Amino acid sequence: MRHIFFPLFALAMTAGAQSASDPVLMTINGKPVTKAEFEYSYYKNSSVEGAVEQKSVREYVPMFINYKLKVAAAEAAGLDTLSSFKQEFRTYRDMQLTPYMVDQAYIDSIAHGVYDRTLKQLGGKDLIRPAHILIAVAQKATDVQKQAAKAKADSIYQALQGGADFAQMAKQFSADTGSKEQGGQLPLLGPGATVKEFEEAAYALKTGETSQPVLSPFGYHIIRMTERKPLDPYDSVKVQIMAMLKQNNIEEASAEHRIKQIVDASNGRLTREAVLDSVLAAHIDHEPSLRYLVQEYHDGLLLYEISKREVWDAAATDTLGLTAWYKQHKKDYAWTEPHFKGYVYHLKNVKQEKDVKKFLKKHADGEWRKLLKETFNQDSVSVSISGPYLCKAGDNRYIDAYGFKKGNETKPMNGFVKTGVYGKKLKQPKSFLDVKAQVTNDYQAEKEKLWVETLRRRFTFTVDEQVLSTIKEMPAAKQ
């Protein structure tokens, strides 16, 4: 079924391209781009602050063309035929389509089920909202500790009987960190929600009553009943149940249930993918925003993969190219102040300092992290090393003190007795590695520029100036 339904999807993506109300604005590598598709991209990107620097329509045209040319290059390279691409694209596409398959009857049945199970669990009992003060007793507490806890609980109970404020006493004495800041208040509970000892004592209370200290596996509880009531009718709690179900992705579950029903009813003629292809075909002509959103993600995935292959990874791994670029533009990467390049170390034994420096001299450019434990820290951590750093004065307090001899940060890190640095000050970068991030970014930008120039020669593209003139500018672009 896949080979039958996927062409329907491809057809739907271009449906309406020749309509009079949505004329073709561009043709890029033989594929039409309608005015509406361009407007969707232009207005969407222009509404994101700084995304396209509020470009005018004519300023945005070459950016859009370059984007589509990169997508054409990805398709020419067959990236859209890779199983990894298809899987990721369909996952996103399905996320946009499942809302059309939401089965409200299914959701209603689940909501009724939640209510009926709650009603059954209550077994005719009320819902209760108790507050409590917990005086904790450890599982292995001695008799003396248990007696002390009981005495403390009794003392608090007597204070409450004398008029002390329950909420304030809970904040001051309760060991239940989850409720003490709320004055000991717990949420609505039903049978089975707490330990047996707590539940029995709580259900024995009327609203406003306070229990004597009750022992449970957690310690002594002083319980006050703040509210108790029967479960409200379904219609009264339906909104809350629906909200809870929505938080637990009930809409997605209902859509999957409906899709499964359709697949099962087809007796093997349909797959899940085929069902969603047909959903897309049914809605795409009437909802341009859906069509362009799906197309945008399709093209965005291809753009990412082709850019990664042709520019980002190619530039980042091209050591010779990066070196040559740095040498040609060396003045662009000059520092205005010295930098320290090296490591910070902390020692528990000052006699280790000489050995640590020898260690860094030998392994700084290798697997020093892996070797650190077996060299110095087999039994316990006696040496801590961080880095490598490449920073100017003011960036690191330890390097300021020990590398630049500035500042007063001479106190070692907690648990250590000696701090120092290993490395050297550089007036200027020694190679592109010392300014690798900046060099790589610039080199990537240059490779992308040259790549786009190649694409503009490789693929054909035209723009209908008459249609272009009918596109309205974003307000900010007119200023």
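This briefing walks through the overall build of the chain, its salt bridges and the surroundings of one lysine. The model is a predicted one. The protein chain holds 19 helices and nine strands. Its radius of gyration is 35 Å, well over the 23 Å that the globule rule gives for 479 residues, so the chain is more spread out than a compact globule. Salt bridges number 20 in total, and a few of them are worth a look while you have the structure open.

**Overall build**

- Along the principal axes, the C-alpha atoms of the protein chain fill a box of roughly 90 × 75 × 50 Å.
- Buried residues make up 40% of the 479 in the protein chain.
- If you take the contacts between residues at least 6 apart in sequence, 71% of them join residues at least 24 apart.

**Surface and charge**

- The protein chain has an accessible surface of about 27,700 Å², and carbon and sulfur atoms account for 52% of that area.

- Lys 44 and Glu 296 pair through their side chains in a salt bridge, with an N to O distance of 2.6 Å.
- Lys 44 belongs to helix α2 (residues 35–46) and Glu 296 to helix α12 (residues 288–316), so this pair ties together parts that are 252 residues apart in sequence.
- Both partners are partly exposed: Lys 44 has a relative accessibility of 34%, and Glu 296 has a relative accessible area of 28%.

- Arg 272 and Glu 256 form a salt bridge in which the closest N and O atoms are 2.5 Å apart.
- Because Arg 272 lies in helix α11 (residues 272–283) and Glu 256 in helix α10 (residues 250–265), the pair ties together parts that are 16 residues apart in sequence.
- Arg 272 is partly exposed at 32% relative accessibility, and Glu 256 is also partly exposed, at 31%.
- This pair belongs to a network of salt bridges that links Arg 93, Asp 94, Glu 256, Arg 272 and Asp 277.

- Asp 264 and Lys 260 form a salt bridge, with 2.8 Å between the closest N and O atoms.
- These two residues sit four residues apart in helix α10, which means that about one helical turn separates them.
- Asp 264 is partly exposed, with a relative accessible area of 45%, whereas Lys 260 is exposed at 51%.

- Lys 70 is found in helix α3 (residues 57–76).
- The relative accessible area of Lys 70 is 9%, under the 20% cut-off, so this lysine counts as buried.
- Leaving aside residues up to four places away in sequence, Lys 70 touches Leu 303, Ile 306, Ser 307, Glu 448, Trp 451, Val 452 and Leu 455.
- For a sense of scale, the C-alpha atoms of Lys 70 and Met 225 are 67 Å apart, while the two residues are 155 residues apart along the chain.

Key: Residues are numbered from 1 along each chain as its sequence is written. This is a predicted model: local features need pLDDT of at least 70, side-chain atom pairs count only at pLDDT 80 or more; totals for chains, interfaces and linings use all residues. Side-chain values use heavy atoms; hydrogens and water are left out. A salt bridge is a side-chain nitrogen of Lys or Arg within 4 Å of a carboxyl oxygen of Asp or Glu. Buried means under 20% relative accessible area, exposed over 50%, partly exposed in between (1.4 Å probe, protein chains only). Contact means heavy atoms within 4.5 Å. The radius of gyration is taken over C-alpha atoms; the globule rule is 2.2 Å times the number of residues to the power 0.38. Accessible areas come from the Shrake-Rupley method with a 1.4 Å probe; for residues, only the protein chains shown count as cover.
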